[in-house]
Amino acid sequence: MRRKLIAGNWKMNGSFASNEALLSELRAGLSAGAACDVLVCAPSPYLMQCANLLSGSDIGWGAQDVSVHLSGAYTGEVSAPMLSDCSCTYAIVGHSERRAYHGETDELVAQKTLRLLASGLKPIVCVGETLEQRELGQTNSVVSAQLRAVLDVIDVDALTNLVVAYEPVWAIGTGKTATPQMAQDVHAVLRQQLALKNPPVAEKVQILYGGSMKPENAQELLAMPDIDGGLIGGAALKAADFLAIIQAA
Ligand code: PGA
């Protein structure tokens, strides 16, 4: 049985005051421990606030992106070693908003994945199709190409530290969710692809679903055999909703 991971993606939201309130509610809600791994992915300026408020708790913190560069003249960028300095354990890469608004390619996402692994962080690699691609029957080929770019560059052992998130673009922030079976079908394709790289480890890789996951649909999604957790946007900003999803896992 794979342990589940419920990860919040705060996106570009928050303030010192609102984060403090949210994190203290989460800590209180999880004071008896959680049956799954719990993570919040915060904007970079708030990572040390997370470190200060979450150290010693069962809640981890991570970043939403990382630079493809290691250091130097890259104004505005944040490197993997810097995230490691902030005691991040995970970082998201290849979120569809980065792909769509910042022109990130599969190859760039793969290089960022390598940077994270080299700094001891676990990459959460996002893949997902647009509505148009789904309607054209391209879902499996799109997500497979996105994942293949990463699998082509990492070594076999690194698979142990990889997390994959399937996030259909048309379900993100729209209130539309993939049905549990639709999500499961894609998760199974992704797991088969991981198995081509390393069969025993593929069984251990957590594959998260993301896209309008909320308390009302979390349980049925998380009940599917290859859905090992969630990457939660909107519902991660409300303590009660995030806690309810954690409860469902
Ligand atoms: P959502 O976002 O839960 O608000 O749909 C998920 C994500 O983009 O990671």
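## Charges and overall build

The mean positions of the protein's 18 positive and 25 negative charges lie 2 Å apart. The model is predicted. Its chain forms eleven helices and eight strands.

How do the dimensions work out? A compact globule of 249 residues would have a radius of gyration near 18 Å, and the protein agrees, with 17 Å. Along the principal axes, the C-alpha atoms fill a box of roughly 45 × 45 × 35 Å.

## Surface and interior

What share of the 249 residues counts as buried? The figure is 52%. The protein exposes about 10900 Å². Carbon and sulfur atoms supply 53% of that area.

Contacts also reach along the chain. Take the contacts between residues at least 6 apart in sequence. Of these, 72% join residues at least 24 apart.

Glu-104 is found in a loop. On one side of that loop is α4, residues 96-101, and on the other is α5, residues 106-118. Is Glu-104 buried or exposed? Its relative accessibility is 7%, so Glu-104 counts as buried, because buried means under 20%.

Which side chain does the side chain of Glu-104 meet in a polar contact? The partner is the side chain of Arg-98, at 3.0 Å.

## Gln-49: a helix residue

Gln-49 sits in helix α2, which covers residues 47-54. Its relative accessible area is 10%, so Gln-49 is buried.

A polar atom of the Gln-49 side chain lies 2.9 Å from the backbone oxygen of Phe-16. Phe-16 is also one of the contacts of Gln-49 when neighbours within four places in sequence are left aside. Ser-15, Asn-19 and Glu-20 complete that set.

Pro-168 belongs to the loop between β6 (163-166) and α8 (180-197). With a relative accessible area of 0%, Pro-168 is buried.

What surrounds this proline? Leaving aside neighbours within four places in sequence, Pro-168 is in contact with Gly-128, Glu-129, Ala-178, Tyr-209 and Gly-210. Now compare sequence with space for another pair. Pro-168 and Leu-194 are 26 residues apart in sequence. Their C-alpha atoms are 19 Å apart in space.

## Two serines with positive phi

Look next at the backbone angle phi. For Ser-87, phi is near 60 degrees, a positive value in a residue other than glycine. For Ser-212, phi is near 55 degrees, and this too is a positive value in a residue other than glycine.

Ser-212 is in the loop between β7 (206-210) and α10 (215-222). Ser-87 has 42% relative accessibility, so it counts as partly exposed. Ser-212 has a relative accessible area of 15%, so Ser-212 is buried. The cut-offs explain the two labels: buried means under 20%, exposed means over 50%, and partly exposed is in between.

Technical notes: Residues are numbered from 1 along each chain as its sequence is written. This is a predicted model: local features need pLDDT of at least 70, side-chain atom pairs count only at pLDDT 80 or more; totals for chains, interfaces and linings use all residues. Side-chain values use heavy atoms; hydrogens and water are left out. Helices (H or I, at least four residues) and strands (E, at least two) are DSSP runs, numbered from the N terminus. The radius of gyration is taken over C-alpha atoms; the globule rule is 2.2 Å times the number of residues to the power 0.38. Buried means under 20% relative accessible area, exposed over 50%, partly exposed in between (1.4 Å probe, protein chains only). Contact means heavy atoms within 4.5 Å. Accessible areas come from the Shrake-Rupley method with a 1.4 Å probe; for residues, only the protein chains shown count as cover. Lys and Arg count as positive and Asp and Glu as negative; His and the chain ends are not counted. The place of a charge is taken as NZ of Lys, CZ of Arg, CG of Asp or CD of Glu. A polar contact is a pair of N or O atoms within 3.5 Å; within protein, one must be able to donate a hydrogen and the other to accept it, and residues adjacent in sequence count only if both atoms are side-chain atoms.
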